[in-house]
Amino acid sequence: MVIYFFRTLLPIGNGIPFYSALAALWCLQPYSNSTKNNAGQRSTGTFIGAAYGLAFIVLLRFFGLSEPIIVYLLASVIIIPVIYLTVITDNRNASFFSCVVFLSIALTHSFDENPYLFVLNRVLDTFIGIGVGLAVNNFHLPIKHDSETLYISGIDSVLIPDDHSANAFNKVELNRMIESGVKFTLSTIRTPAEVKSLMKGVNLKLPIIVMDGAAMYDLNKREYLEAEFLQADICEQAERIIAYHGMHCFVNVMYDATLLIFYGELWNTAEKDLYETHKHSPYRNYIRDIFRRHDASERVLYLTVLDEITKIANLEKQLVHELGALARITVTDSEYDGYQYLKVFSSAASKKHMLVKLKSHTGCDNVVTIGSIEGKYDVYIGDGGGNATIKKLKKLYRNDIYH
């Protein structure tokens, strides 16, 4: 509006600030890349629409056409080549703007005494709005960011709150921080498939620690960078104990760089539902155990048992007794009432151990961990996670209090 005020002092015409405001609002986006993309669409659409609008006015003047019904019918016909030009020039997203600009010229200003001035001002209005939108969207206060520290966060009850609200806000803010140079990554008990689903829309650039420290995964390259495998004899012994208890286990095996999940006879309702829910996922590869090789090329990351709480407790007790320090046994609650997950990892598979390897991969010596277990992480999240976590992270990397 201030720019419009100064334009009233110029001899070339005032323009219409409404069009500038629309262009500015269209350019306001969460990320700078999408802002530039929208600005490009709006610019292209304006040029095409203005060019057709100008040609339309010249056509009317040349043939002396002034009857409103004729003007409206011609405009309706010419809207077709307006759209078609955006298609053949591969600017389909600009079609809407081209049509808006053309129609604003053809239908409302064809009968003006000097419609050419409106065309000029219409283009100028749009570019003023684009300029203002880009300036506002890319303006940042001169705050010093910590780009040396590696921030490692959990997911459940940390980034994703217990009530699963406000995830969109968290993802936008995370992307902004990562884009500004903050070194951020994740450490979770979840698999890469689950991380991809839960963190969809977050542009994680660094490798992540997954499967409770059993592996390190690069989401961009889609490959495992590090992994700790169960010893073959320990794996066989654990499977025998699980079978002895009349229970089934999913065997997570890595062949080359692909993780395969072998399964046998599914006995309880929970594991049947788990399989049916995820078997079509592009990130999970379920294969019947009859196709397992059981040879030296087989590298087992971990075993997963999903069963009733009492059965899991008995199984855990025997596995710990039989395997001792040769394996790491974990038990966690499941999404099914009355059921728990039991997982058998290599004794070397831990978040702490994989963190050392992650530091080597990233070249970061200073690390700040963020989690929901008090006393285990540098930053404790005790409020269920979500927006509060993002605010704490922003304060951390701006103030750099851990140096």
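Seven bridges tie β9 to strand β11 (residues 339-346), and the two run antiparallel; strands here are DSSP runs of at least two E residues, helices are runs of at least four H or I residues, and both are numbered from the N terminus. Two strands count as paired if DSSP finds at least two bridges between them. In β11, Y341 is the bridge partner of L306. Strand β6 (residues 250-255) also runs antiparallel to β9, joined by five bridges, and here V251 sits opposite L303.

This is a predicted model, where local features need pLDDT of at least 70 and side-chain atom pairs need 80 or more, while totals for chains, interfaces and linings use all residues. Residues are numbered from 1 along each chain, and side-chain values use heavy atoms, leaving out hydrogens and water.

β9 is mostly covered, with eight of its 10 residues buried (under 20% relative accessible area with a 1.4 Å probe, protein chains only; exposed is over 50%, partly exposed in between).

What about the nonpolar cores? A nonpolar core is a set of buried Ala, Val, Leu, Ile, Met, Phe, Trp, Tyr and Cys residues joined through side-chain atoms within 4.5 Å. The largest has 38 residues, and L174, F184, L186, M199, M211 and L301 touch the most other members. Among the elements giving it two or more residues are α7 (167-179), β9 (299-308) and α13 (387-399), with α13 giving the largest share, four residues. Apart from this core lies another, of 24 residues, including I242, V251, V300 and L342.

Over in helix α2 (residues 17-27) lies L25, which is exposed, at 56% relative accessible area.
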